[in-house]
Amino acid sequence: MENKITLWQISQHQQQINAMLEENGGELTEEIIQMMDENNEALEIKGAGYIHSIRYFAAMEEVAKAEKERIYNIEKAAKKAQESLKTRLHQAMQVFGIDKLDLGTAGKVSYRRSESVIVEDVNNLDRAFCKVKLEADKVAIKAAIKAGQEVQGAYIEEKLNLNIL
């Protein structure tokens with residue numbers, strides 16, 4: 001087999017070998033055995049390359065997750081610093097009894113009014129003031145289907161998950 005063969009080509013070649021074997025009544029000839037050996041070797045070589053690539057990208061994924069966590073921590077620290085500085089400025093303005101502060105080129109500071117709804121206990125609210133999110137209970141659905149119950153609008157799909165050791 002040539003060196004630049006693709007996994008798809010290896011699979012296609014295996015299908016041709018299987019068809020030859022079937023045409024031959026299931027009898028293995030030296031030619032079919034040799035073709036199978038060559039194709040299996042090509043699959044092992046190509047598969048090893050795929051595994052190396054999969055592991056590389058898995059490592060890159062971990063690096064990206066770590067970087068995302070690092071960036072998130074920077075964002076969190078910056079937000080916390082802003083809130084702390086705003087709180088101190090607010091406290092200082094209250095001590096001085098002012099509601100506006102003109103700082104020239106640095107900017108202006110003032111208060112603006114806003115409203116916020118505080119819900120003390122959602123269980124005491126009239127249902128007209130509550131939102132309900134409809135969500136499927138997949139655990140219950142799976143258990144029901146496995147127990148032989150028909151569940152309209154749902155089914156269990158079996159999957160094959162590649163396991164790389």
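Predicted model: local features only at pLDDT ≥ 70, side-chain atom pairs only at ≥ 80, totals over all residues.

Colleague: In what order do the elements of the chain run from the N terminus on?

Modeller: Helices (H or I, at least four residues) and strands (E, at least two) are DSSP runs, numbered from the N terminus. The chain has 3 helices and 2 strands, and its C-alpha trace spans about 100 × 50 × 25 Å along the principal axes. From the N terminus on, the order is α-α-β-β-α.

Colleague: What share of the 165 residues in the chain is buried?

Modeller: A residue is called buried under 20% relative accessible area, exposed over 50% and partly exposed in between, with a 1.4 Å probe and protein chains only. Of the 165 residues in the chain, the buried ones make up 7%.

Colleague: Is N39 buried or exposed, and which residue has its backbone oxygen 3.2 Å from a polar atom of the N39 side chain?

Modeller: N39 lies in helix α2, which covers residues 30-96, and it counts as buried because its relative accessibility is 2%. A polar contact is a pair of N or O atoms within 3.5 Å; within protein, one must be able to donate a hydrogen and the other to accept it, and residues adjacent in sequence count only if both atoms are side-chain atoms. The backbone oxygen 3.2 Å from a polar atom of the N39 side chain belongs to I10.

Colleague: Which backbone nitrogen does the side chain of T29 reach?

Modeller: T29 sits in the loop between α1 (7-23) and α2, and is partly exposed, with a relative accessible area of 26%. At 3.1 Å, its side chain reaches the backbone nitrogen of I32.

Colleague: How are the rings of Y56 and F57 arranged?

Modeller: Rings of Phe, Tyr and Trp (its six-membered ring) pair if their centres lie within 6.5 Å, and planes under 30 degrees apart count as stacked, over 60 as edge-to-face and the rest as tilted. The structure holds 1 aromatic pair. Y56 is partly exposed at 47% relative accessible area, while F57 counts as exposed at 56%. The ring centres of Y56 and F57 are 5.1 Å apart and the planes are at 75°, so the pair is edge-to-face.

Colleague: How far apart are the C-alpha atoms of L165 and I51?

Modeller: L165 is in the segment after α3 and counts as exposed because its relative accessibility is 83%. Although L165 and I51 are 114 residues apart along the chain, their C-alpha atoms are separated by 9.5 Å.

Colleague: What separates the C-alpha atoms of A143 and E62?

Modeller: A143 has its place in helix α3 (residues 138-146) and counts as partly exposed at 46% relative accessibility. A143 and E62 are 81 residues apart along the chain, and the separation of their C-alpha atoms is 34 Å.

How values were computed: Residues numbered from 1 in each chain as written. Heavy atoms only, no water.
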